[in-house]
Amino acid sequence: MKVGLFIPCYIDQFYPQVGIATLSLLEKLGCDVVYPQGQTCCGQPMANSGFEHLTHGCNELFVDHFEGLDYIVGPSGSCVLHIKDHLHVEGKEQAATHIRQRIYELAEFLTDVLKVDHLKAKFPHKVGIHQSCHGQRGLGLAQMSELVAAPFSKPQRLLQMVEGLELVELKRTDECCGFGGTFCVFEEAVSVKMGKDRIADHVNNGAEYITGNDVSCLMHLEGILRRQKSDVKVLHIAEILNSSI
Amino acid sequence: MEHQHKEHSLLAEEFNANEPRVNWHDETLWWVRQKRDKMAWTIPEWEDLREAASRIKHNVLGNLHDYLLEFEKNAQANGAVVHWAADAAEHNKIVLQLLQEQGVKRMVKSKSMLTEECHLNPYLAEHGIEVIDTDLGERIVQLAKEPPSHIVLPCIHKKKEEIGELFHEHLGTPAGNADPKFLTAAARQHLRAEFIQSRVAITGVNFAVAETGEMVVCTNEGNADMGAHLADVHIACMGIEKIIPQRKHLGVFLRLLARSATGQPITTYSSHFRAPKKGQQLHIVLVDNGRSRQLGREDFRNSLKCIRCGACMNTCPVYRRSGGHSYHNAIAGPIGAILAPNLDMKEYADLPFASTLCGSCSNVCPVKIDIHQQLYKWRQVITREGYTKKTKAAGMHAMNIVLSKPGLYKTAGGIGRWVMRTFPAVVNNGLNPWFRQREMPEPPKESFADWYKKNRKQ
């Protein structure tokens with residue numbers, strides 16, 4: 001099984017450790033992983049700002065780098081959702097469709113494709129899960145609090161396989177953190193307030209770490225935590241699932 | 001670009017100047033959202049009910065022309081007079097004419113978001129007619145000379161102490177009394193006098209049944225009934241999308257409406273108005289005001305399914321922390337943000353961007369409008385039509401150039417991180433909105449791509 005590793009631009013530039021953890025975890029689980037060099041961005045920052053018509057450059061690059069692979073896996077629910085919903089390239093529609101159908105966020109790839117039921121990972125800490133909206137409501141990584149339906153959570157299932165890890169319960173299980181792409185700068189006041197409120201929920205319930213499936217949300221929360229000089233840290237789920245004994 | 005109003009982000013920033021108040025506003029509306037959840041969970045078939053409602057409305061929107069004519073025919077047979085208004089101005093003119101025929105200078109109106117949308121009150125005031133809003137929340141904001149901040153809970157932004165002060169000033173209640181029961185009793189006395197003197201009553205309409213020509217008006221206070229029954233003339237104002245095909249469909253909508261809105265099983269009053277009493281007149285004003293245009297926009301057509309429950313506002317994390325007035329539109333929140341650009345794209349160009357696209361709104365919507373997807377689509381339309389700031393457009397073009405060229409992206413990334421490490425003040429300053437209340441991420445020496453090249457030779 002050939003898996004293409006999709007490392008979104010801001011992870012590549014600012015959080016290489018998340019890319020390394022993702023790669024290492026997939027390799028440990030027996031995947032033949034390739035990282036197509038020269039990849040850049042899914043195009044979402046432009047598209048969500050109303051400039052989807054500018055994204056054909058990013059779309060073409062994406063198809064060129066990821067066509068012909070069995071699966072494409074990325075450690076970001078939001079970027080994966082964007083590709084799933086919006087990747088189209090004139091003249092390469094078949095390749096684009098294949099990618100849209102075969103791209104997975106890391107956690108769902110682990111639970112749904114690799115069907116992981118145990119992990120050799122240890123992380124003896126209290127951890128709060130931040131359910132990023134695009135992963136949860138867009139990709140369906142977990143049951144949503146608005147719907148009358150049976151509960152499930154793919155990230156939670158994976159974290160429960162980690163030795164010593166204790167999940168904290170939150171007052172609001174799936175409220176948005178306020179990152180929202182360019183929303184975080186164009187609507188700075190509300191964005192930060194939402195982030196502060198999310199953090200308070202984790203802190204009040206004793207979390208030492210906040211984890212999630214989207215580094216963008218975590219980057220926003222981390223920025224606020226560091227300004228608050230808090231001891232609470234953020235980690236991408238790959239970093240926890242890859243933490244060795 | 002000149003606008004009549006400040007943009008959402010600025011108004012939201014002003015709202016956030018008082019953080020304890022934001023916390024209170026957020027908690028109050030979150031409490032309503034939780035009541036809604038509890039009620040939804042009492043109905044095992046809740047999701048099927050939403051689907052049914054959505055499909056009934058789908059049918060209505062696909063056959064609106066026929067249903068409207070059927071409704072008109074049956075309403076006329078019941079003895080009602082039906083008026084058609086192409087836009088807000090025509091609606092206001094029709095209402096004014098009816099009032100002038102009756103020679104009234106003061107009259108009562110129960111809750112109607114349509115009349116808010118048409119700015120009926122100020123229009124009538126210009127013509128020397130005073131409207132008394134009889135919904136308690138509406139009356140409170142009217143006394144405060146403010147627009148409603150929420151379609152179901154118009155004065156949800158006001159604390160009871162502020163309402164006590166307003167009542168002291170306008171209704172003569174004792175200063176410092178903020179007891180909700182006492183204030184409600186005072187409002188009741190005050191409104192009773194208005195009901196009794198009012199020869200004309202305006203009401204909104206929640207559902208208009210094509211099959212029978214009747215209208216259903218839902219209130220918790222009975223104020224629509226009180227007004228309509230005591231007056232000689234009842235004027236019911238409705239948007240043309242309020243039609244439902246048959247009476248039996250109320251069984252779906254009435255179960256959803258109050259549960260979604262306030263977490264009640266049903267509104268206290270769900271009153272059917274079918275025919276005028278002997279000697280009474282019943283006028284129904286059917287208003288388009290952009291709805292036909294929206295119906296023609298395939299991507300946004302579904303927004304007309306809305307039954308005005310307000311659930312999307314209560315769940316919206318942005319609405320809860322920016323307040324209804326920050327949307328500078330009669331209808332605030334996520335649904336307002338997809339309806340408003342249809343009315344005036346330039347004036348409301350900011351609203352589809354006042355969202356993180358988290359999707360919670362679409363999940364609570366009782367008629368399953370894809371609200372967050374429509375927000376995304378409006379962003380594209382607004383940008384294409386040229387209603388985006390030039391600075392933002394320039395930034396997006398620059399970003400696109402960098403991200404479309406792998407070599408440039410790699411170089412720009414490396415230089416950018418080096419600058420951040422070496423001269424942090426270049427980004428860590430007040431001009432960077434990120435940095436105002438957040439630290440920038442720490443720039444590593446190596447990107448993932450750099451690391452991969454070194455560590456995984458292919």
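Here are some questions and answers about this predicted model.

Q: How many helices and strands does chain A have?
A: Let's start with the overall make-up of chain A. Its secondary structure comes to 13 helices and eight strands.

Q: What is the radius of gyration of chain A, and why does chain A count as compact?
A: Chain A has 245 residues, and for that length the globule rule gives 18 Å. The value for chain A is close to that, so the chain is as compact as a globular protein of its length. Its C-alpha trace spans about 55 × 40 × 40 Å along the principal axes. The radius of gyration itself is 17 Å.

Q: What percentage of the contacts in chain A, at a separation of 6 or more, joins residues 24 or more positions apart?
A: As a bit of background, buried residues make up 61% of chain A. Now take the contacts with a separation of 6 or more: the share from residues 24 or more positions apart is 76%.

Q: How far apart are the end C-alpha atoms of helix H12 of chain A, and why does that agree with its length?
A: H12(A) covers residues 215-227, which makes 13 residues. At 1.5 Å a residue, the helix should span 18 Å. That agrees with the model, because the end C-alpha atoms are 18 Å apart.

Q: Is H12(A) mostly covered or mostly open, and how many of its residues are buried?
A: The buried residues include Val215(A), Cys217(A), His220(A), Glu222(A) and Leu225(A). Just after the helix, Lys229(A) takes a positive phi of about 55 degrees. H12(A) is mostly covered, and its buried count is 11 of 13.

Q: Which residues of chain A does UniProt give as "domain: Cysteine-rich"?
A: The feature comes from an unreviewed UniProt entry and has two stretches. One of them is 52% helix and 12% strand, with end C-alpha atoms 17 Å apart. The other is 42% helix and 11% strand, with its end C-alpha atoms 14 Å apart.

Q: How many residues of chain B touching chain A are nonpolar?
A: Where the two chains meet, 56 residues of chain B are in contact with 56 residues of chain A. On the chain B side, 17 are polar and 10 are charged. The nonpolar ones number 29.

Q: How far apart are the C-alpha centres of domain 2 and domain 3 of chain B?
A: Chain B is divided into domain 1 (1-42 + 301-388), domain 2 (63-289) and domain 3 (390-455). Between the C-alpha centres of domain 2 and domain 3 of chain B, the distance is 54 Å.

Terms used: Residues are numbered from 1 along each chain as its sequence is written. Chains are lettered from A and ligands numbered from 1 in the order in which they are written. This is a predicted model: local features need pLDDT of at least 70, side-chain atom pairs count only at pLDDT 80 or more; totals for chains, interfaces and linings use all residues. Domain bounds come from an automatic or database domain assignment. Helices (H or I, at least four residues) and strands (E, at least two) are DSSP runs, numbered from the N terminus. The expected span of a helix is 1.5 Å times one less than its number of residues. A residue is buried if 20 or more other C-beta atoms lie within 10 Å of its own, exposed if 12 or fewer, and partly exposed in between; C-beta atoms are placed from the backbone. UniProt positions are given in the numbering used here, feature names are shortened, and annotations may be inferred rather than shown by experiment. The radius of gyration is taken over C-alpha atoms; the globule rule is 2.2 Å times the number of residues to the power 0.38. Two residues are in contact if their C-beta atoms, placed from the backbone, lie within 7 Å. Ala, Val, Leu, Ile, Met, Phe, Trp, Tyr, Cys and Pro count as nonpolar, Asp, Glu, Lys and Arg as charged, and the others, Gly among them, as polar.
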